Amino acid sequence: MVDLVKGANGPLLTRKVIELIERERKIVAGEIPRPELPELMIIEEKESDEEPEEEEAEEEEKYTIVIIKPDAVAIGKTEEIKQTITEAGFIILAEDEKTLTDEQVRNFYQSKSEEPDFEDFVSFMLSAPSHILVVSEGKQAQDVMPLVQELEAVKEEDEEEEEMEEEEKKEEEEKPQETETSGKPTGLKGALENQELLNLCDVEDTIEVASRQLAFLFPHFSKAKKGPEVERTLALIRPSLLRERRDSIMKRIEEDGFEIAMQRELVLTEEEARVFYKEHEDQDYFPALLQEMTSGPTLALALVKENAIQKWRDLLGPKTVQEAKEKSPTSLRAEFAVESASINQLHGSSTPDQAARELEFFFPVENTLAVIKPSALEEHKDEIINKVKDAGFFISEMKETQFTPEMAAEFYKNQEGKPFYNELVDYMSTGPSVAMILTKENAVEEWRQLMGPSDPEKARETNPDSLRAKFAKDILRNALHGASDEEHAVKNIKFIFGEVDLESLKHKYVYV
């Protein structure tokens with residue numbers, strides 16, 4: 001058991017300590033096995049001007065491949081198996097859910113190839129998706145147990161002396177019996193066997209074989225990589241939760257150290273929901289899922305953090321609300337359960353490949369038009385362009401243009417009839433403007449958020465870091481223009497730049 005809290009985050013630290021103590025209680029109660037941990041070594045740091053001695057080469061990290069079989073995946077045992085693995089002190093470094101190929105099955109199970117029913121077994125493994133895990137013995141796990149034990153010791157010292165003495169006597173009487181009768185298997189296989197899960201998956205922990213299987217099943221996995229990888233994952237807050245507890249769930253996400261890189265609120269059509277959840281269409285809960293996802297706005301979030309995919313799924317907890325409340329009461333699905341909803345209210349990507357697909361579904365690469373208006377161009381051009389680049393936009397095209405009154409009137413034709421229309425046309429033709437084609441995931445909405453409200457006074461109140469809050473003078477001279485939607489963006493781009501191959505600009509964009 002180990003976790004990491006970066007920075008001064010009191011609420012998160014408190015929650016993490018409570019979770020670790022809860023796991024320790026389960027270990028003491030025999031509900032989960034205690035991981036075998038090597039002796040803790042504390043190295044005292046010394047101040048010295050001497051050059052540090054070259055460190056000895058670290059022992060190569062050992063990897064275990066775990067295949068959760070199709071039938072276990074089908075009945076929803078994946079999360080329970082993963083939770084058992086992590087609670088036993090192991091770290092899941094990579095995972096993927098897919099239907100194995102014939103070659104992969106025969107390669108992984110070649111030790112069983114001489115068994116009489118091997119061909120039937122191969123057919124079974126090819127019949128549906130398996131869930132594959134790369135598991136490591138987590139070296140950091142050795143540091144946490146003394147801390148938990150120390151917390152328990154402090155708690156015991158605060159109790160009444162008489163009760164403490166009686167408990168200590170009972171413990172002394174019971175310890176020999178536990179030692180004699182426990183006989184629990186150790187290691188990853190032992191942890192799974194204790195929870196009666198070993199028959200639902202296959203574990204390859206022989207170093208040579210596991211290394212070969214790792215290269216075969218995860219060809220892009222790098223064993224040389226040190227430290228956790230910063231990842232992006234998709235999170236969905238479904239309609240019922242978004243309506244009832246939007247602010248509190250967003251606050252909790254930020255408290256747990258996730259950076260919200262992008263967000264988009266939208267109402268899915270039934271067709272869009274069917275496409276996104278296509279792999280679930282044969283499940284009994286699919287009609288309820290469709291009904292929930294089309295009942296109102298969903299908030300899609302692109303979350304960024306080290307090992308974001310696994311950490312977000314760990315934070316979510318088990319898939320069903322009932323299981324989350326029973327097995328992981330501090331998880332988001334338990335804490336933010338909506339009684340009136342029949343399905344859980346939070347979604348997270350399972351694998352890097354799935355995260356990439358789902359992020360592209362909700363945050364596709366788009367082109368939008370941005371215009372730096374005359375007064376802002378004269379005073380803040382370089383600052384604005386730097387802010388645009390810092391926000392991750394790729395400036396695909398840029399040109400300086402002088403709007404004539406006729407051009408301005410046509411460009412803002414959708415505002416015709418409004419009280420400010422004539423003033424706006426006159427202002428836009430007072431001097432040159434700079435037009436840019438900006439390319440980015442979710443570009444239209446991201447650009448509008450970066451600009452801020454059209455009224456700079458409101459922008460300074462509600463979004464003080466926005467460009468209009470910083471560079472606009474008043475509601476007429478509000479520094480910038482942006483398209484309202486992708487259709488409007490295409491029309492505006494064509495008006496200023498003429499015929500442009502916008503699809504080719506999207507393909508040039510590099511996901512960051």
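**Salt bridges and a helix with a buried side**

Reader: Which residue meets Arg-232 in a salt bridge?

Author: This is a predicted model, where local features need pLDDT of at least 70, side-chain atom pairs count only at pLDDT 80 or more, and totals for chains, interfaces and linings use all residues. Residues are numbered from 1 along each chain as its sequence is written, and side-chain values use heavy atoms, leaving out hydrogens and water. A salt bridge here is a side-chain nitrogen of Lys or Arg within 4 Å of a carboxyl oxygen of Asp or Glu. At 2.9 Å, N to O, the side chain that Arg-232 meets this way belongs to Glu-441.

Reader: How many residues apart in sequence are the parts that this pair ties together?

Author: Helices (H or I, at least four residues) and strands (E, at least two) are DSSP runs, numbered from the N terminus. Arg-232 sits in strand β5 and Glu-441 in strand β11, so the pair ties together parts whose separation in sequence is 209 residues.

Reader: What arc do the buried residues of α5 cover around the axis?

Author: In helix α5 (residues 118-125), the buried residues are Phe-118, Phe-121, Val-122 and Met-125. They lie on the same side of α5, because their arc around the axis (taken from the directions from the helix axis to the C-beta atoms) is only 100 degrees.

Conventions:
Buried means under 20% relative accessible area, exposed over 50%, partly exposed in between (1.4 Å probe, protein chains only).
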